[in-house]
Every structure is written in structure tokens, then in C-alpha cells.
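Please look over the sequence and the structure below. A short report on selected local features follows.

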Amino acid sequence: MVRRIIHQWRDWLLEYIGDDKYELIQKSNQSVFRTIVAKNDMDAENECQKIIKSSKEHEV
């Protein structure tokens with residue numbers, strides 16, 4: 001199974017890992033922040049944007 005990067009933000013990577021599963025990875029320490037199930041790349045990206053926004057709100 002081939003992993004591929006779907007989207008890259010400044011501090012995050014969205015990577016497709018197969019079988020409609022994606023991983024949201026923090027670039028600073030290369031740790032998986034969340035695993036997501038989505039029907040396509042665009043849905044995964046939209047979900048990740050919500051997660052990133054939510055995590056930033058909790059940091060403040």
C-alpha cells in the first residue's frame with residue numbers, strides 16, 4: 001500500500017494511508033494527531049481543517 005501526501009499546511013500534513021483512511025500529522029514532531037475515515041480527499045481535507053481550527057482554539 002502506497003502512502004501519499006494529500007495536503008500540506010504550515011504545521012500539518014494530511015496523508016492518505018489506504019482504504020479511505022487518512023492521517024493528520026503534526027510536522028513538528030511527525031506524530032499522528034488523528035486518523036480520519038473519509039470517502040475522498042476533499043472530504044478528508046475539509047474535516048482536517050475543522051480539526052486544526054478546533055485544536056488552535058483550545059491552545060489559546
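Which residue in β2 does Ile5 stand opposite? Ile5 stands opposite Glu15.

This is a predicted model, where local features need pLDDT of at least 70, side-chain atom pairs count only at pLDDT 80 or more, and totals for chains, interfaces and linings use all residues. Residues are numbered from 1 along each chain as its sequence is written, and side-chain values use heavy atoms, with hydrogens and water left out.

**Strands and hairpin**

Helices (H or I, at least four residues) and strands (E, at least two) are DSSP runs, numbered from the N terminus. Strand β1 covers residues 4-8 and pairs with β2 in the antiparallel sense, over four bridges. Two strands pair if DSSP finds at least two bridges between them. A hairpin of three residues joins β1 to β2. The charged end of Arg4 sits over the ring of Tyr16, 4.8 Å from the ring centre. Such a charge is NZ of Lys or CZ of Arg within 6 Å of the ring centre and within 35 degrees of the ring normal.

**Nonpolar core**

A nonpolar core is a set of buried Ala, Val, Leu, Ile, Met, Phe, Trp, Tyr and Cys residues joined through side-chain atoms within 4.5 Å. The largest one has 13 residues. Trp9, Leu14, Tyr22, Leu24, Ile36 and Cys48 touch the most other members. β2 (12-18), β3 (21-26) and α1 (41-59) each supply at least two residues of this core. The largest share, four residues, comes from α1.

**Aromatic pairs**

Rings of Phe, Tyr and Trp (its six-membered ring) pair if their centres lie within 6.5 Å; planes under 30 degrees apart count as stacked, over 60 as edge-to-face and the rest as tilted. The count comes to two aromatic pairs. In one of them, the rings of Trp12 and Phe33 have centres 5.1 Å apart and planes at 75 degrees, so the pair is edge-to-face. Trp12 lies in strand β2 and Phe33 in strand β4, so the pair ties together parts that are 21 residues apart in sequence.

Ser55, in helix α1, touches both Trp12 and Phe33, not counting residues up to four places away in sequence. A polar atom of the Ser55 side chain lies 2.9 Å from the backbone oxygen of Ile52.

**Accessibility and loops**

Buried means under 20% relative accessible area, exposed over 50%, and partly exposed in between (1.4 Å probe, protein chains only). Selected residues are listed here.

| Residue | Relative accessible area | Class |
|---|---|---|
| Trp12 | 7% | buried |
| Ser55 | 13% | buried |
| Phe33 | 33% | partly exposed |
| Asp20 | 38% | partly exposed |
| Asp19 | 61% | exposed |
| Ser28 | 71% | exposed |

Asp19 lies in the loop between β2 and β3. Its phi is near 55 degrees, a positive value in a residue other than glycine. Asp20 lies in the loop between β2 and β3. Phi of Asp20 is near 65 degrees, again positive in a residue other than glycine.

Ser28 is found in the loop between β3 and β4 (31-37). Ser28 and Arg10 are 18 residues apart in sequence. In space they are 9.8 Å apart, C-alpha to C-alpha.

Notes
A polar contact is a pair of N or O atoms within 3.5 Å; within protein, one must be able to donate a hydrogen and the other to accept it, and residues adjacent in sequence count only if both atoms are side-chain atoms. Contact means heavy atoms within 4.5 Å.
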